[in-house]
Amino acid sequence: MLSVQEFFDPNTFTFSYVVEDRATQDCAIIDSVLDYDPKAARTSTESADAIVEYVEKNALQVQWILETHAHADHLSASVYLKERLGGKVGIGENIRIVQKAFSGLLNLGADFPVDGSQFDYLFKEGEQFGLGSQTVEVIYTPGHTPACVSYKIGDKVFVGDTLFMPSYGTARADFPGGSAGTLYRSIEKLLALPP
């Protein structure tokens, strides 16, 4: 049986999730938030610490820290969570396209690696991997960014910014490599899944 605990970050309107296989107590953390105060140019871990507290209180074993895409509206807490709780950090393999685009836009310099090496694993379209006794399927859902993927676990799909709640629409498609047409096709793919 699958259990999902959501965590809402009001500053970025972002949901993070802890997805647990209750049979094994293995879990994945999806789209974690590292708090950032732009006025002070400082980060903090309040949002991530709520996840740490939940994982430790429930004696869960973190297998994966998953990103649906590179987030423009918040920083990822994946490195912090990996240090605190273990697990492997994964994202779609097209993160390399996003890294190349933003490396130039942000003047990150020639030393900034654009090969996805900051992550433990780069997922391919249709790839499957284990989470306890559950199987996770990677669904390529680009459009918001070229790196967007969704994770199907049991009868649940974690879509990042590809599709918001019904009647709320979708994410922006005007970032480098974004495409409204591609996003539309990704949404059609998600809507074709069983209920």
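**View 1. I29 and its neighbours.** Let's start with I29, which touches Y17, V18, I51, V62, W64, I65, L66, L81 and L85, leaving aside residues up to four places away in sequence; here contact means heavy atoms within 4.5 Å. This is a predicted model, in which local features need pLDDT of at least 70 and side-chain atom pairs count only at pLDDT 80 or more, while totals for chains, interfaces and linings use all residues. Residues are numbered from 1 along each chain as its sequence is written, and side-chain values use heavy atoms, with hydrogens and water left out.

**View 2. The largest nonpolar core.** A nonpolar core is a set of buried Ala, Val, Leu, Ile, Met, Phe, Trp, Tyr and Cys residues joined through side-chain atoms within 4.5 Å. Buried means under 20% relative accessible area, exposed over 50%, and partly exposed in between (1.4 Å probe, protein chains only). The largest such core has 23 residues, and V18, I29, V55 and L81 have the most contacts inside it. Two or more residues each come from β3 (26-30), α1 (46-57), β6, α2, β7 (88-92) and α3 (95-105). Helices (H or I, at least four residues) and strands (E, at least two) are DSSP runs, numbered from the N terminus. The top contributor is α1, with 5 residues. Apart from this core lies another, of 15 residues, among them V19, A28, Y151 and F158.

**View 3. The open sheet.** Follow the 6 strands in the order β1-β2-β3-β6-β7-β8: they form an open sheet with mixed pairing. Two strands pair if DSSP finds at least two bridges between them. At the edges, β1 (2-9) and β8 (121-123) each pair on one side only. β7 and β8 pair in the parallel sense over 3 bridges, and I91 stands opposite L122 in β8.

**View 4. A hairpin and its next partner.** β9 (residues 128-131) and β10 (residues 134-140) pair in the antiparallel sense over 4 bridges. They form a hairpin with 2 residues between them, and G132 in the turn has a positive phi of about 60°. β10 also pairs in the antiparallel sense with β11 (residues 149-153), over 5 bridges; look for V138 opposite Y151 in β11.

**View 5. T68 in its loop.** T68 lies in the loop between β6 (61-66) and α2 (78-85). Why does T68 count as buried? Its relative accessibility is 1%. Among the residues that T68 touches are I30, Y151 and F158.
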